[in-house]
Amino acid sequence: MIDANALRAVCLDFNGAVEEFPFPRHPDVSTFKVGGKIFALTTLTNTPLTVSLKCEPELAERLRATHPEVVPGYHLNKRHWNTVSLTGALPDQLVLDMIEDSYDLVVASLPRTQRLLLDWPGERRP
């Protein structure tokens with residue numbers, strides 16, 4: 001099961017990832033960003049632990065239909081974001097894949113120069 005420490009470590013392990021707390025009225029809300037854009041949003045002190053992740057709309061629908069732990073993004077664009085409960089019911093590898101997919105979606109939207117600086121596998125120099 002992925003706990004708060006593991007979630008933070010996984011998110012910060014991506015090239016260029018940073019953690020910020022941008023909401024003064026909600027100081028416990030942690031955002032993980034790359035290139036200034038959020039790819040994961042969580043409150044690491046909540047029980048159960050949840051994380052909101054960006055997702056391709058079609059995949060988001062399939063994940064929600066298949067897993068009750070995956071719901072439309074809380075306070076986010078529900079077409080592009082899922083909120084995932086990390087209670088241990090989902091396989092860790094599925095959660096890790098969803099985090100990586102979210103990071104990749106955000107990086108893919110960055111300008112090419114930023115993608116190259118991140119040494120992102122989807123944009124490696126020949």
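Trainee: Which element gives the largest share of the lining of the largest pocket?
Mentor: That's S3, with 3 residues. Strand S3 (37-43) and strand S4 (50-54) are the elements that give two or more residues. Strands (E, at least two residues) and helices (H or I, at least four) are DSSP runs, numbered from the N terminus. Keep in mind that this is a predicted model, where local features need pLDDT of at least 70 and side-chain atom pairs count only at pLDDT 80 or more, while totals for chains, interfaces and linings use all residues. Residues are numbered from 1 along each chain as its sequence is written, and side-chain values use heavy atoms, with hydrogens and water left out.

Trainee: What makes a space a pocket?
Mentor: On a 1 Å grid over the protein atoms alone, a pocket is an open set of points with protein on both sides within 12 Å along at least five of seven lines; lining residues have an atom within 4 Å of a point. The largest pocket has a volume of about 330 Å³, and among its lining residues are Phe 23, His 26, Asn 46 and His 75.

Trainee: How many of the lining residues are nonpolar, polar or charged?
Mentor: The lining divides into 4 nonpolar, 8 polar and no charged. Asp, Glu, Lys and Arg count as charged; Ala, Val, Leu, Ile, Met, Phe, Trp, Tyr, Cys and Pro as nonpolar; the others, Gly among them, as polar.

Trainee: Why is His 75 called exposed?
Mentor: Exposed means over 50% relative accessible area, buried under 20%, partly exposed in between (1.4 Å probe, protein chains only). His 75 has 66%, so it counts as exposed. His 75 sits in the loop between S5 and S6, and its phi is near 60 degrees, a positive value in a residue other than glycine.

Trainee: And why is Asp 119 called partly exposed?
Mentor: Its relative accessibility is 39%, so Asp 119 falls in the in-between class. You'll find Asp 119 in the segment after helix H4 (112-117).

Trainee: How do you know that Cys 11 is in no disulfide?
Mentor: A disulfide is a pair of cysteine sulfur atoms within 2.5 Å. For Cys 11 the nearest cysteine sulfur, that of Cys 55, is 15 Å away. The count comes to 0 disulfides. Cys 11 is buried, at 0% relative accessible area, and Cys 55 counts as buried too, at 8%.

Trainee: What makes the bond from Thr 47 to Pro 48 cis?
Mentor: Its omega is near 0 degrees. Pro 48 lies in the loop between S3 and S4.

Terms used. On a 1 Å grid over the protein atoms alone, a cavity is a set of points where a 1.4 Å probe fits but cannot get out, and a pocket is an open set with protein on both sides within 12 Å along at least five of seven lines; lining residues have an atom within 4 Å of a point. Grid points are joined across faces, edges and corners, and a volume is the space filled by probe spheres set on the points.
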